[in-house]
Amino acid sequence: MKQPDTTAPLNVIARSPFNVYYEGPAQVLSAVNRVGPFDILSGHADFFSVLRPGEIVIETKDGIEPVSFMINNGIITVRDNEVLLFVDM
Amino acid sequence: MRRASAIEKETEEITTVKDLTAVFESLASTQVAKVKTKVELSKSFFELLWKRYSSIRVDPATRITNRALGDKDARQVFVVISAEAGLSGDIDQRLVGTMQKDYDPGTTDIIVLGSHGASQLSQRGISYVRFFKIPESDEYIDVTPVIEALKPYTKIVVYYEEYVSLGVQNIRSIDLISSVRDMSENADEDTMTAEDTIFEPSLDDIADEMEVTMMRLALSQTILESSLAQSASRFNAMAVAKKRANELIGDFMLEFHRAKRSESDRRLREVLISLKKKRKAAGEAQ
């Protein structure tokens, strides 16, 4: 397995077919899958998962209100610090 | 020649038709702009998801259908995506006509989406196994019930309407499973394997979920694309109807003025004849 790069910033693209919820750098992304709640931070290992209905929280910068929204279904992938979040398909 | 009052009444009716077609034309134009934005957004979403889906390299044909490939008893299905209502020109007639050329009732079932397509099929005496209403395109189209209905088939051919431009709409057909498979084979994304990626809950579960999702999205895309083509076709049909109504109004106005002139000439003639008669009677009396 590749060694994760913890120095590179996490980049997040969170979309539904007709909406862009967030696109840009982030510190932490929180979601829930079948295993349970989890967080993605910079340097996370490559990851592919099916999400459960619930809330997505994206913390972008310190002191700034996090971006949050509810989803019915979704797929999340993490590859080389790029998080692609596809929801409500 | 018809009476001027009758022509005037008919002109008023045609003017109402012209006003209505202008309203429908304007609505169709707004709808084209609205759906076009959605098609573009949805397309970029699909491409982004596709990038990730192609990285897990799986064959959708073996997963989304319940029947084994090569089963001689397996039937194929044609999915006809039409408009929910009429007033969209001849596009649905062309769609059903194209499908009919390839249709063999012995080997093929038909699933129709949209009431207008269903009525077109009934008019031609073609039976279909399932009918689904086309949902409003303001929300993302949930095609889960349609995908469920498609599961028993090994070959799924979708007939839909393609938007090329405001003036041009084509009829297209795609083999849904093959096109999803071809896209996967042509992908240039690096493969994600269990050796270098964490799959939760498992690669198999994710592959199952992704394949159905991709099929769902591919079908939703074609419905959205059809909706765009139908709106454009409706716009064209209304523009033609408005032009025709304008021509008719012009013709009627000409006829109206001729009738008016003819009526006033006739009245004048009657007055002159009557004057002539009176003069003649007065002359005889003297």
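**Close-up views of chains A and B**

**View 1. Contact between the two chains.** In this predicted model, 21 residues of chain A are in contact with 23 residues of chain B. On chain B, the side that touches chain A draws at least two residues from each of α1 (4-54), β6 (198-200) and α7. By residue class, this side of chain B comprises twelve nonpolar, eight charged and three polar residues.

View 2. Strand β5 of chain A (residues 47-51) and β6(B) run parallel and are joined by three bridges. Within this pairing, B:Ile198 of β6(B) has A:Phe47 standing opposite.

**View 3. The open sheet of chain B.** The sheet contains five strands of chain B, ordered β3-β2-β1-β4-β5, with mixed pairing. Because β3 (130-132) and β5 (169-175) of chain B each have a single partner strand, they form the edges, and one side of each is left without a neighbour in the sheet. On average, and with direction ignored, neighbouring strands of this sheet are turned by 20 degrees against each other.

**View 4. Pairing of β1 and β4 in chain B.** Strands β1 (residues 76-81) and β4 (residues 155-163) of chain B run parallel and are connected by five bridges. B:Phe78 has B:Val157 as its bridge partner in β4(B).

**View 5. Helices lying across the strands of chain B.** Helix α4 of chain B (residues 115-123) lies across β1, β2 (108-113) and β3 of chain B, and runs at about 140 degrees to β2(B). Helix α7 of chain B (residues 203-285) lies across β1, β2, β4 and β5 of chain B, at about 35 degrees to β4(B). Helix α7 also supplies at least two residues of the side of chain B that touches chain A.

Technical notes:
Residues are numbered from 1 along each chain as its sequence is written. Chains are lettered from A and ligands numbered from 1 in the order in which they are written. This is a predicted model: local features need pLDDT of at least 70, side-chain atom pairs count only at pLDDT 80 or more; totals for chains, interfaces and linings use all residues. Two strands pair if DSSP finds at least two bridges between them. Helices (H or I, at least four residues) and strands (E, at least two) are DSSP runs, numbered from the N terminus. Axes are lines fitted to C-alpha atoms, for helices over the stretch in contact, and angles run from 0 to 180 degrees between N-to-C directions. Two residues are in contact if their C-beta atoms, placed from the backbone, lie within 7 Å. Ala, Val, Leu, Ile, Met, Phe, Trp, Tyr, Cys and Pro count as nonpolar, Asp, Glu, Lys and Arg as charged, and the others, Gly among them, as polar.
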